[in-house]
Each structure stands twice: as C-alpha cells, then as structure tokens.
Amino acid sequence: MVRGSCVLFRKYGNFIDNLRLFTKGGSGGMGYPRLGGEGGKGGDVWVVAHNKMTLKQLKDKYPQKRFVAGEGANSRVSALKGSKGKDCEIPVPVGVSVTDENGKVIGELNKEKDRILVAEGGLGGKLLTNFLPLKGQKRVIHLDLKLIADIGLVGFPNAGKSSLLSKISHAKPAIADYAFTTIKPELGKIMYSDFKQISVADLPGLIEGAHMNKGMGHKFLKHIERTKQLLFVVDISGFQLSSQTHYRTAFETIILLSKELELYKEELQTKPALLAVNKMDLPDAQDKFHVLMNQLQNPKEHTLPYRDDAFIFLSLVEDLLHK
C-alpha cells in the first residue's frame, strides 16, 4: 500500500530521447617564431549533466545542433604564451549515454555536473609545430537518454501499468481498454509523510521480440536499464496482442517478460524485481490466481514459451515469488 500523498507529476511532451550533434574543438593560436612564443590551446567541447535539462530543451535552444569551442589566442610580444580558447559546454539531462558516429560509447552522465570531453581543442603553435597551430578535433556525437527512476513498470500492453501510475501519483497517462501501448515514458513522483520521494516510470509496453527491436523494442528496453527496481505488472487473464498472435497465460507472460529483458541485456536479471498481479476484480480471477501461484511455485513442471532454448530463465520468477 502506498502511504502519503502524490504531489508532483512530470510529463514529457514531444518526448525526445536521442539527438545527433556536431562538435568541434577550437583551433590553437599562432606561435611567435622570433621570440619563441607559444599560441594558446583551442577550447574543448564538454557534455555536462544538469538535473533540470531535457533533450527537447537542448534541441529547441540550439536548433542547428552545432557546438564549436573558441580559438586559442595568438602569441604576441605582450603575452608570449597565448591564452586558452573558451570551452564550449553542452547541457544535457542526467542519464545520457554519449556515443560517437560508429556507436562506440564515449561515456555516461549519471549524476548532476558529470562531464565528458567530446572534442579536444588543437595545440597552439610552438617550436615543434614550426609555430603553426593545430586544428581542433571534429566529432559527431549521439546523445541517448535512458530514464532514471526508482521503479520501472514493466508489462505487456493493456496490463494496467498506466492505470496503476494514475492511482499512486497525479500522473494522467493515456488509458484504454484494448491493447494500447504507452508511446512515450510517463514519470510520476510519490511523496511520503516523511518527505521521502519515489519516482515511478510507466514505460512503453513490451511485445514479444522486443529484444530484436520489434515494436518499441530497444527504445523501450534502454529505459529499463536506468531504473533501480522493476515492478512486473501482469494481467491475471493473460495477454494476446491480436487475433494473429498467440494467447499467453499470466504465467507465460511473466516468463516472456523476463526472457525479453534477459535477451536484451543479461545484466538486467540482477535488477531487484517485484510482481503485481492486476485485474483481480475480473470474473474467475481468484481461480486463475491459484493456478498462477501453483505455476510460480513449481515453474519447471510447466511448459514454457521458449521451448527451443537450452536455457530457460527461471531464477527471476523464483525471486519474484519469494519477494
């Protein structure tokens, strides 16, 4: 049971979770050959995390998505050592992963004021360079946002995640009585009487094959990586996406959800998880619940959806049961 009152809801309008940017370090300053003076180093380009920043705000503020640092000062008689060029800082939200054009991870920003150097400024002219400056580094980078929340709601479409979030917070996510899936993350916050806050993320619904990027696929799964704990929300009546897809019982749904997470990234199976069995007010719900509990207590005795796999992911189901 949730105690306290829900006081804050943050909704993402026109949600953006990735951006492509051009960055360039500043060129170095000219050296002074006659007196051996060195030009200043070009400025660097940094990506810096800010709690109150979003990628949409970044795109709106810098529509051209170009970030170039300042040039280093030339060496001169009054200042033989040229001053360094002005650094350029790109403000991004906490929870951003930065990769280069080839997909190589440059770094991640997990807390306020974390910073990553993405384009280094060129050296100033000096004796070794015949007093000629070097150009700054050019780099195209990708910002990939992964939500950070205390609890991430995981479930197939129409499992009741949005309804649950709307009851425990002031969130007003879209809710429908058909296989509707949230198309953008919704984040609600719950404040307890002792002023402790918990953030809960209603993430876009999974479908079978999400680990292969079907449906919302990786766009959904990447957000799960940045939640501290998972809450599996499962419809006691099971799930069927459409008349052309297989019907899955509640037990099979749990196994499928677990398997999708594992196949996407094995480390996700170590994340703390709880199970919420939803829609218990439906006819025959109690009978189905008793069947489900028996299946959870003896998972290896029941046929599972992934029959061709040599390894079936059961440990998470057992963990859910004992929690």
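Guide: Let's begin with a pair of strands: E6, residues 96–100, and E7 pair in the antiparallel sense over four bridges. Strands here are DSSP runs of at least two residues, numbered from the N terminus, and two strands pair if DSSP finds at least two bridges between them. This is a predicted model, where local features need pLDDT of at least 70, side-chain atom pairs count only at pLDDT 80 or more, and totals for chains, interfaces and linings use all residues. Residues are numbered from 1 along each chain as its sequence is written, and side-chain values use heavy atoms, leaving out hydrogens and water.

Within this pairing, serine 97 stands opposite glutamate 108 in E7. As a general rule, strands of a sheet pair through backbone hydrogen bonds, either parallel or antiparallel.

Now step back to the sheet around this pair. It is an open sheet of five strands in the order E4-E2-E9-E6-E7, with mixed pairing. At its edges are E4 (66–68) and E7 (105–109), each pairing on one side only. Neighbouring strands in this sheet are turned by 25° against each other on average, direction ignored; the axes are lines fitted to C-alpha atoms, and angles run from 0 to 180 degrees between N-to-C directions.

For comparison, look at another open sheet, with three strands in the order E5-E3-E8 and mixed pairing. Its edge strands are E5 (88–93) and E8 (115–119), and its neighbouring strands are turned by 30° on average, direction ignored. Here E3 (residues 45–50) and E5 run parallel, joined by six bridges. Valine 47 has isoleucine 90 in E5 as its bridge partner.
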